Amino acid sequence: MPRDIGAEVHALLPLPPAFLHILIALGDGERHGYGIMQNVSERTAGRIRMSPGTLYGSIKRMLADGLIEELTAGAAGADERRRFYRLTRFGRRVAAAEAERLSSLLAQARGSGLVPRKS
Amino acid sequence: MPLLSERLYRVLLRCYPGEFRDEYEREMLLAFRDRLAADRRAGRGAIARLWWQLVVDAIVRAPGEHLDVLRQDVRYALRSLLRARVFAFTAIATLAIGVGANTAIFSLLHAVVLRPLPFDPEGRVVRIWAINSTLDVDGFSVSLPDYVSWKERSKTLDLAAWLNGGATLRGTGDPVRVPSLSTTAGLFPLLGVHAARGRLFTPADETVNGRPVALITEGLWRAQFGGNPQIVGSTVTIGERPHEIIGVVPEGSVPQDAEVFVPLRIDVAREDRSDHTAQVIGRVRPGATLDQARGELESIARQLALEFPDSNRNWGVTFSTAYEWMIPEGTRRALYVLLASVCCVLLIACANVASLMLARTAARRREIAVRVAIGAARRRIVRQVLTESLVLTAFGGVAGVLLAWWSVPVIRQWLPDTLPRVNESSVNAPVLLFSLGLCAVTGVIFATLPALSGSRADVVEWLKEGARGSSGAAARWRQTLAAAQIAIATVLLVGAGLLIQSLHRLQRVELGFNPANITTAMIGLTPERYKGPEASWAFYQRLLERLAAAPGVQAAALTNGAPFDEGNTGMPIEAVGPSRLNGKSLQADWRMVSPGYFKALQIPLLRGQGFTGTLARDERTMIVSATMAKRIWGDENVLGREITAGPAGNFTIVGVVGDVRNEDLALPPAPTMYISSAQYQWSTMTVIVRSIGAETQAPSLLRTAVREIDPQLALYNVRTTIDRLDRSAAQPRLNATLVGLFAAVAALLAALGIYGVLAYLVSLRQQEIGIRMALGAGRPAVVGLILSRGLWLTASGVGAGIVAALGVSRWLRSLMFEVSPTDPRTIGLAVALVVLVAVVASYAPARRATRVDPLLALRSQ
């Protein structure tokens, strides 16, 4: 039976905020756990600081859903002590679909005057 | 410093499930270390915020992770049970029967025994009886003047008294006879009864010669008065007098068989202090204890004995709580015995399921070994076994509760109505709680062994052996379980045997009369219509003549109390002249009977003569039972001797009749004396008819005869004596039937256990059997090999079972009759039955062993 990727993607939406943050953090390459935490913190100017529990709880689920994958030892280069993660192709599609969903939501909010239009 | 925070964080991480920690603990610690270092630079606020986050994580996230693991386990368990449908169905059905039977029996126990009385949750209501140790009288009615004295003098008790009786209601169609109570006004508030309509009695209603008033129950109001809303204030004729109905009381609010209540009006001046007629109930006042109340009443009784020595010498008081009174010890014990036996059935069921699971674990060793080898934690394997049992228990429990929910109303209908409160039984919240606890215990019991055996998985060995390894430990455990099942089944069979044996003896006890084809009915004459004993005796004589002449009637007689009609009359007597009593009193039962009484009941006249039925010749004469004659005068001739029966005066013995059990099958016949009903009658008497064939015609015959003589009279309590006997043996029959049923189920389950173990053994030892057969062992030898293993298991189980049964059966003693708890015949029979069942169960696997093909068995090596 052929997989219906589209349906699988949409079954995961909307994503929990932590998932989306992790997907974004991994968007430009692999990172280890603390690297993801740092990236999220930097991108949000320190407003969102993930705890290890939230991070690894999410990673566990995202691995199970096939959104991310763990790099095999050695592939990540210098720091062999740590486990590195990167986006899967499926994860990329899900992130894109979620971004699409949010942007369409944003457009609708603008349309109804809830959010000022960009000048 | 970093060491301390890291250690702290490690402690917090313990909140997460093991699997999660195995996977991520190291990573989380690394991340924590980095984050802590960064936050240190940011200041104390950041560190505080970090710890806050970590604690919230542990509280909010960790349970979620646990749930996740559980969900996975349950899903896995469901999948693997779906693959093993036969196993799953067998296990669930076994558990459902065990849990269902337990839930059903517990719902009875809860309704009858465990619930406090609605009117007395604190156990402060007491029944008070008169007692006389010199007369050997216990739990006797109280004289009304004594009741009045107690009430006046007691400071610790609120007291109320009543007389049981019957009332004929007229004015609403055919006259109806209903049970009634003459009661003091205090009874209702004492029992916490509120009027459903109108009002209850007040002390003003108790005044002698007061206006005739009555209360009726809601049931009677509906049945007899069509639920007329204007009932209060209306008039009904009770006996011959019109009474005003002043109120309606809720059904069942007074724990007595009564539908009409009239005020008890006590004229102390005219009452006889030695006439024990009243029932007394009391509520201990706030601030006083039960013991204080008892002490006070005992001292009042001693005062009364000094003040009124003629009537009160040697009379004391005895208490029982309302609960003990309403739910007798025998009933309580019987229900506990039933629950214990049904628990045994559940235990055997648990052992069966455990055995099945052990076999399953053993068969899945390769799968388990592979999973351990590819990294599944052992605790995960153990938990999987536990989850599987949890799922089985959940299904079994739900099915069991449904089974109980469906069966309790059915069982209720089938139970004897002598069980108090049993109609209120249902599968309610406390019962469900019990079932939940039961399921939890059940799950733990049958899951422990398989889980332990799974946890000891020796991966390398198991992988080497493959699925068909020897798995000695599991097999040994299964054999132990089978032996334990045999032991429990033996205990149940011995118990059931003892109870069945008791019932059998009880039903074959020498009654002293022939109950077959006897119908009895009560009839009440009112003094207004039948003035004096002559008038009423004339009526009864006419009735008896008419009945005796009716087709199909062999004999008819009259008495104040037929055998087994749940009432008794007795009094102390003394012998005139020299006797074995040496001047002491003897408590004897007495009955007023018509001349045909002995013939109708087929009680043998041993010496002397019967009554004549004419006052002139029967006056002051008495017939006594053989036991009574012997107790007073030994083997001497008793005809012509005299006894004194209290205020009734002296009587001359004219005859001796055989002993009769009148009240209780389990009690020896009491000394009994008979006086002629030509001398005395009560306002309510019992008519006895012996039919020639079936007794089905008797009721209509009786009704017709009474109506023809006086259409104003009501006939009630029409029953066959066989019915009454059945009723008196109802509880022992229930015990024997249910325990017998449980024992049968237990034996069946134990047989399944033996069968399963041996069948498994045969499949494990195929190679060995094959070799033996190849080396020339014949079929009998192979059958013997397996049978002997089965018998060895049975023997060890039976041995343990007998020891346990000897310990337990003493506990049954009060439920047994004329059977010793160690009766060798019963124990022998139970053992024989167990062995028979075990042999039958062992034979099928033994036969299968003989069909092992030596070539195939050896080739599979």
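Predicted model: local features only at pLDDT ≥ 70, side-chain atom pairs only at ≥ 80, totals over all residues.
I started with contacts in chain B, where two residues touch if their C-beta atoms, placed from the backbone, lie within 7 Å. Among those between residues at least 6 apart in sequence, 83% join residues at least 24 apart.

Residues are numbered from 1 along each chain as its sequence is written, while chains are lettered from A and ligands numbered from 1 in the order in which they are written.

Next I checked burial: 42% of the 861 residues in chain B are buried (20 or more other C-beta atoms, placed from the backbone, lie within 10 Å of the residue's own).

Then I looked up the domains, whose bounds come from an automatic or database assignment. Chain B gets domain 1 (2-70), domain 2 (136-313), domain 3 (329-508 + 730-859) and domain 4 (526-712). I found 57 Å between the C-alpha centres of domain 3 of chain B and domain 4 of chain B. The C-alpha trace of chain B spans about 110 × 85 × 55 Å along its principal axes.

Last, I turned to where the chains meet. Chain B brings 14 residues to the contact and chain A brings 12 residues. On the side of chain B that touches chain A, H2(B) gives the most, with eight residues (helices are DSSP runs of H or I, at least four residues, numbered from the N terminus).

Notes:
Helix = DSSP H or I, 4+ residues; strand = E, 2+ residues; numbered from the N terminus. Buried ≥ 20, exposed ≤ 12 C-beta atoms within 10 Å, placed from the backbone.
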